[in-house]
Amino acid sequence: MSLVKNVTIAGHASKGKTTLAEAMLYVAGVTERMGKVADGNTVSDSDSEEKKRGVSLLSSVLQFNYSGAKINLIDTPGLFDFALGQAEGMRAADTAIITASARSGVSVGDEKAYKAATEKGLARIFVTNKIDDERADFHKAFASLTEKFGSSLCPVVVPISGGFYNLMDDKAYTYDGVHKKEASLAADEIEDLKEAFNEAVAGTDDELMEKFFEGEELTHDDKVKGLTIGLAEGSIVPVFAVSGLTGVGVDLLLDFIVKCAPAPKAEDGADDGSLAAICFKTVADPFIGKLNYFKVVSGAITQGATVTNSRTGDDERIGKLINTLGSKQTDIKECAAGDICAIAKLSTFKTGDTMCAQGKSVTLESVDIPNATYSMAIVADKKGEEEKVANAVNKIIEEDPSLTFANNTETRQTILSGLGEQHLDVCLSKMKEKFKVSATLIQPRVAYRETISKKVQVQGRHKKQSGGHGQFGDVWIEFEPCDSDELVFGERVVGGSVPKNFFPAVEKGLREAMEKGVLAGYPMVGVQATLYDGSYHPVDSSEMAFKTAASLAYKNGIPQAGPALLEPIVTLTAIVNDDAMGDVIGDINKRRGRVLGMNPVGDGMQEIVAEVPQGEMTTFSTAMRQITQGRGSFTTEFARYERCPENITQKVIEEAAKEE
């Protein structure tokens, strides 16, 4: 098997990830020119939405050869609304390059990418990008990275007056375009960085440490050995100064990846040599068809072989195997352990599924699909196109499982959920362009309930004569509050004033009536109804008549029983950074929430547990992102119903009246 290096580029939005990927392709001789994000002509951002918006929205797999190695480069989006792309890259890669700005230092996206890579056990490399910017300050950026991420950070390629210094081969270089030449440049200004570099490299191995303490010079091979060990075990996080825009220093980064980045490693459950591969990404396009991207953990994927989806148990035959360079595809015959490929037209596989050999059930660790936190109701722009909308959204979800789509039978709305406003906006745009169906997002309705607050006794009498048999039913019912989500029905009829065979009809009439409350039409809960008297006619009474009488009793009695609106309350669990905790609590209070407790969870983060009315949570996702600068996360879970304040009740009643 050829040398394979699986690398993902991650970090904050607009820090030059795609530009760096473009420079790597150009320096490797794969492309003849470097595209620009602003011009919409980069290899990575090949999706029409990306070109239109000038930003990465999807992960992109770029496979190319460089200096005797096959590099599988996964460029990922930095916008938090498209966090699935980063999760895909982290699952497939063995090394994460995190782009930080040489001008502004650490950003929130860098922190999140570093944390994700650490949790996945990936080797980590920092690139201080945009070193060509006249306001760039490598030393300041390096200091901010070290302050945030610790002493494991180790400079490898640094700027010096007139050029760059590669501490690994102890040489200075100047650049003409992307082509370097060795230069005799004074490196006195980086003596402290040289010392830090040598100490970090020596600290990875006893033999190197002994050499270092005895004052011997570390050779190039010593440094490669130390960096390889340190990178793999996480004790060294190399830092490179490069310019993705001009390509300066990118060759040194590529050389380092080939020499020092870890090879693909074995995973639990896939160690007997038989096929085990994880589907880390899916592309579902009406024009090019469906593509599933796999990282082969053990064994090999071979064209024409029959494999099993461990999730479904279904067998499928492997058709076309593909290597990709953005939208460009190259056919291959086999994909060996450690390598990555795409497979066309598989019907059962989706992101997170494991492919294994027939008769060998293996389940590999899935992709960390982000939880949807922002929900809106989706409405087809044209009547009768609801099914077309549903089909289009479901196709998009094949590609982006961080979107969810569900019918709320209670509010009679279809709810589209994602990671933010921009996420849902892109979904609508894709529906329109790729599937020729348009829709609009509106605020989702809240599933309120209605109840009563006092006891009443009322009559319901139904009498109708229209020739022949008439209709007669007469009931006296006592309504009172109780603690139940459903009607609690009872009877204490004496003397047979209402025959027993009509009791079920009375209960049925009440249950149907309670589906619609008297205030705003929401279902009734917390009602106990007791049939205690009534009368009947031996000929004209029927089940239908008593059912109607019961509903009349409901309509007469509930308005007198102190009807009240109940709102759903959710338990909110939010993880926030220490310095944002006060503002998040303030925001929760503004939403009529109650903070129940706070607990430190490490890494400068706090857990806030609160109860908040669901109706106040619509914009919380956006607020959380703004307040915590994207560091925070949260989940909600239904807790119970509570009585609505009078001002909210009036608003809900007015809204319901408008809809009628």
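**Pockets and cavity of the predicted model**

Helix 4 contributes ten residues, the largest share, to the lining of the largest pocket. Helices here are DSSP runs of H or I with at least four residues, and strands are runs of E with at least two, both numbered from the N terminus. The model is predicted, and totals for linings use all residues. Residue numbers start from 1 along each chain.

The largest pocket holds about 1,500 Å³ of space. A pocket is an open set of points on a 1 Å grid over the protein atoms alone, with protein on both sides within 12 Å along at least five of seven lines; a cavity is a set where a 1.4 Å probe fits but cannot get out, and lining residues have an atom within 4 Å of a point. Volume is the space filled by probe spheres set on the points, which are joined across faces, edges and corners. Among the 45 lining residues, Lys112, Lys115, Gly630, Arg631 and Ser633 come closest to the centre of the largest pocket. Its lining comprises 18 nonpolar, 16 polar and eleven charged residues (nonpolar: Ala, Val, Leu, Ile, Met, Phe, Trp, Tyr, Cys and Pro; charged: Asp, Glu, Lys and Arg; polar: the others, Gly among them).

Turning to the second largest pocket, its space is about 820 Å³. Helix 16 (residues 646–659) gives the largest share of this lining, six residues.

One cavity of 30 Å³ or more is counted, and the largest cavity has a volume of about 150 Å³. Of its 17 lining residues, Leu57, Leu58, Phe82, Asp400 and Lys430 are the closest to the centre. Helix 11 gives the most to this lining, four residues.

Methods. This is a predicted model: local features need pLDDT of at least 70, side-chain atom pairs count only at pLDDT 80 or more; totals for chains, interfaces and linings use all residues. Side-chain values use heavy atoms; hydrogens and water are left out.
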